[in-house]
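Hi everyone, thanks for coming. I'd like to walk you through one fold today, a piece at a time.

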Amino acid sequence: MKGLVVGGTASGVGKTVATLATIRALSNAGHTVQPAKAGPDFIDPSHHAAVAGRPSRTLDLWLQGPEGVRRNYARGEGDICVVEGVMGLYDGDASSTAIVAEVLDLPVVLAVDANAGMESVAATALGFERFAAHADRDVDVAGVIAQRAHGGRHENGIRGALPETLTYLGRIAPDERLEIPERHLGLHLSEEAPVDDAALNAAAAELNADRLFGVAREPTLAASPSDGVVGGGVVGEEGVGGGEDGAGSTSEPDRPRVAIARDDAFRFVYPATVERLRERATLVTFAPAAGDPLPDCDGVYLPGGYPELHAESLAAGPALDGIAAAAADGTPVLGECGGFMALASSLTTAEGDTYRMADVLPADVRMCDRYQALDHVELRAKRDGPTATSGETLRGHEFHYSAADVDGDARFVFDVERGTGIDGEHDGLTEHRTLGTYCHLHPESGAFDAFLDRVCSR
């Protein structure tokens, strides 16, 4: 499968819109597009999936390592893979867009803001191309998409100023309909604020699909897609929909049942996680914020999301009481970020309203005005836990606007070697066989295999 990476000169330059327009342009030209995201983000991939019609795969060196990135890419299906970058092209010490492009040997299409420039757009792109050698990176900046560029003289000036080494691939005109609203964790999810379809078609029409496909190339893949743990991006209906078990697989009586929360409060799940859990367990989805009780199960997974936006519904519904009873009975329960917040004693929203949560973990969580952590994370287990044994390390990422006040006798599973965790030094608050972390984990870490071992041994 050929591929290309849509990189940006900086955060906020419009990479997501450029990526969506590229996906649409290639799709309209008859190509089957596999979307992907460089970096651990959950939100951008939801927009990819809505436009491409298939889940977006996650490509992150910190979470997966080079071979994991290559495996995840190889798991994709289509004529061409369009990878959206993270931040600016060279930004990020743990896993930049440039590093992902280098590991896969994919060309970079650079999105440059042309709103207040013309020849300077070419100068900017040329600088990014030449910086690769200066930074000792084997990165091929092969083409340019002019963001917020008008037609006529403006577009002609940009195209004419580009050197032969940089292919002009088209422009995306200024259009308020292409703006995706934001909130505290970034853009709204595609289910909440889909990009205007007519505006996206108009933007795609200004891109040269033949040139885009021509710029793309086959990556260097040293790993078989079936080797090791599989990977993915944000889960769409294709990832956990269909069938009685809510995961597209047939329920088998001899397999353990893992309940996974899937609703507006718990949105942040990698398809890789669903794929990995489904290999050994029957997945049963439920919607705590919509009033669903906890289904009969042998383990519970509460992914990240926006419990703070649905705290009243969560507090009023039966699911949290069911989770508390299951946890007290020894059922393994794993909560990541939003899931951890739901397992806490209470949650105080940004408006100052406090709601009772599951009260499994001895912590009171409160929303803050600014983000409390944003980084790739490394954790070392100081005792055995549901996702790791003592001495093991796990790599993940954290991004949250909440803070937790924990009891003085709280027990943690992990020391934080990189990142912030729950209290600046520790992560993984634990009670019974329940674990709550601010850290999001990818299956390449082995954490979900360890969790399934716990579930299967119950």
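Let's begin with strand β1, residues 2-8: seven of its seven residues are buried, so β1 is largely enclosed by the rest of the structure. By buried I mean under 20% relative accessible area, with exposed being over 50% and partly exposed in between, using a 1.4 Å probe and protein chains only. Helices here are DSSP runs of H or I with at least four residues, strands are E runs of at least two, and both are numbered from the N terminus.

A quick word on the source: this is a predicted model, where local features need pLDDT of at least 70, side-chain atom pairs count only at pLDDT 80 or more, and totals for chains, interfaces and linings use all residues. Residues are numbered from 1 along each chain as its sequence is written, and side-chain values use heavy atoms, leaving out hydrogens and water.

Back to β1. In a regular strand the side chains alternate between the two faces of the sheet. Here both faces are covered, with Lys2, Leu4, Val6 and Gly8 buried on one side and Gly3, Val5 and Gly7 buried on the other.

Which strands does β1 pair with? One is β4, residues 80-84, in the parallel sense over five bridges; pairing requires that DSSP finds at least two bridges between the strands. Within that pair, Val5 has Val83 as its bridge partner. Another is β5, residues 108-113, also parallel, over four bridges, and there Gly8 stands opposite Ala111.

Now for some helices. α3 (residues 61-74) and α4 (residues 97-104) pack at an angle of about 40°, their axes 10 Å apart. Axes are lines fitted to C-alpha atoms, for helices over the stretch in contact, and angles run from 0 to 180 degrees between N-to-C directions. From α3 come Leu61, Pro66, Val69, Arg70 and Tyr73, and from α4 come Ile99, Val100, Val103 and Leu104; contact means heavy atoms within 4.5 Å.

Finally, the open sheet of ten strands, in the order β11-β10-β12-β13-β22-β21-β20-β17-β18-β23, with mixed pairing. At its edges sit β11 (282-286) and β23, each pairing on one side only. Inside, β10 and β12 run parallel, joined by three bridges, and Val258 is partnered with Gly299 of β12.

Helix α14 (residues 447-456) has Ala447, Phe448, Asp449, Phe451, Leu452 and Val455 as its buried residues. Those residues pack against several elements, including β10, β12, β18 and helix α10.
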